Amino acid sequence: MKGKETRAHLDREQVLAAAAGLVKQHGPGALTMRKLAAELGTAVTSIYWHVGNREQLLDALVERTVADLGEIRPTGAAPAQRIASVARALRRLLRDHPHLIAMVHERGLTERMFLPAQRALVHEVHAAGLRGARAADAVRAVQVHVVGHVLVERNRERAPVQRPGEQELWDARTAEQDPALARALARPPDTERLFALSVRALVAGLLEPPSGD
């Protein structure tokens, strides 16, 4: 009776949300039907009833993650601002769900996952007046920049302590007698500020009218 009563209070979305939480915190390897049932305070049979077996559950989580990336909505008045807002939203989603993104990649759905963000970028670069190959280059450049930035951030977070560190490597000599530069490069980077700065510079360059050369 208890399993039936619990099942009545659960729905598929609650099960998927709890599963996504476990994967986000501990990785896909930690997701078992028993752990998920314990997290939800229900019987394992109730989990199977809502989402099927573990492989079906993983497939559902992948579909859910792909759908989440389809929720990116540009903000801002001008195309440049709206392109930058897509880049920020994409970075945030990639940063927040590394294990789920890895599962999407392992199932061969990476290109499909990025399609909504790419379509949002296509609309904005068209609004900025770009067409054809220039528009394609702009879309891909923004996507590659976001993915590359996220990978660098993740690598820095997981890297062992560096010896020597940046504070030891940068001095007046390595900074070509620019002490302010040495002090700045010796400090850990502000990744939020650096991302915003680099995206603005990238977008400005992409939207700049071509020279007559």
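**Close-up views of a predicted model**

Figure 1. The UniProt record, an unreviewed entry, places the feature "domain: HTH tetR-type" at residues 9-69. The model shown in this and the following views is predicted.

**Figure 2. The largest nonpolar core.** This core comprises 51 residues. The members that touch the most other members are Leu 31, Leu 36, Leu 57, Leu 61, Leu 90 and Val 146. Helix H6, residues 79-96, provides the largest share of this core, with eight residues. As a general background to this view, nonpolar side chains tend to be buried together in soluble globular proteins.

**Figure 3. Surroundings of Leu 36.** Leu 36 is among the core residues that touch the most other members. When neighbours within four places in sequence are left aside, Leu 36 contacts Val 15, Ala 18, Ala 19 and Leu 22, together with Leu 31, Ile 47 and Leu 57. Of these partners, Leu 31 and Leu 57 are also listed among the core members with the most contacts to other members.

**Figure 4. Gln 118 in helix H8.** Gln 118 belongs to helix H8, which covers residues 110-127. The relative accessibility of Gln 118 is 19%, and the residue therefore counts as buried, the cut-off being under 20%. Apart from residues up to four places away in sequence, Gln 118 touches Glu 111, Val 139 and Gln 143.

**Figure 5. The largest pocket.** The largest pocket holds about 350 Å³ of space. Its lining consists of 15 residues, and those closest to the pocket centre are Pro 98, Ile 101, Ala 102, Val 150 and Leu 151. Two or more lining residues come from each of helix H7 (98-106), H8 and helix H9 (132-158). H9 contributes the largest share of the lining, six residues. By class, nine of the lining residues are nonpolar, four are polar and two are charged.

**Figure 6. The second largest pocket.** The volume of the second largest pocket is about 240 Å³. Its lining includes Arg 156, Ala 159, Pro 160, Val 161 and Gln 162. Pro 164, Gly 165, Glu 166 and Gln 167 also line this pocket, as do Ala 186, Arg 187 and Pro 188. The lining divides into six nonpolar, three polar and three charged residues.

Figure 7. The model has one cavity of 30 Å³ or more. The largest cavity contains about 30 Å³ of space. Its lining is formed by Ile 83, Val 125, Ala 138, Val 142, Val 203, Leu 206 and Leu 207. H9 and helix H12 (191-207) each supply at least two of the lining residues. H12 gives the most, with three residues. The lining has seven nonpolar residues, with no polar and no charged residues.

**Figure 8. Ala 17 and Glu 208.** Ala 17 is located in helix H2, residues 12-26. Ala 17 counts as partly exposed because its relative accessibility is 37%, which lies between the 20% and 50% limits. Ala 17 and Glu 208 are separated by 191 residues in sequence. In space, the C-alpha atoms of Ala 17 and Glu 208 are 43 Å apart.

Definitions and conventions
Residues are numbered from 1 along each chain as its sequence is written. This is a predicted model: local features need pLDDT of at least 70, side-chain atom pairs count only at pLDDT 80 or more; totals for chains, interfaces and linings use all residues. Side-chain values use heavy atoms; hydrogens and water are left out. UniProt positions are given in the numbering used here, feature names are shortened, and annotations may be inferred rather than shown by experiment. A nonpolar core is a set of buried Ala, Val, Leu, Ile, Met, Phe, Trp, Tyr and Cys residues joined through side-chain atoms within 4.5 Å. Buried means under 20% relative accessible area, exposed over 50%, partly exposed in between (1.4 Å probe, protein chains only). Helices (H or I, at least four residues) and strands (E, at least two) are DSSP runs, numbered from the N terminus. Contact means heavy atoms within 4.5 Å. On a 1 Å grid over the protein atoms alone, a cavity is a set of points where a 1.4 Å probe fits but cannot get out, and a pocket is an open set with protein on both sides within 12 Å along at least five of seven lines; lining residues have an atom within 4 Å of a point. Grid points are joined across faces, edges and corners, and a volume is the space filled by probe spheres set on the points. Ala, Val, Leu, Ile, Met, Phe, Trp, Tyr, Cys and Pro count as nonpolar, Asp, Glu, Lys and Arg as charged, and the others, Gly among them, as polar.
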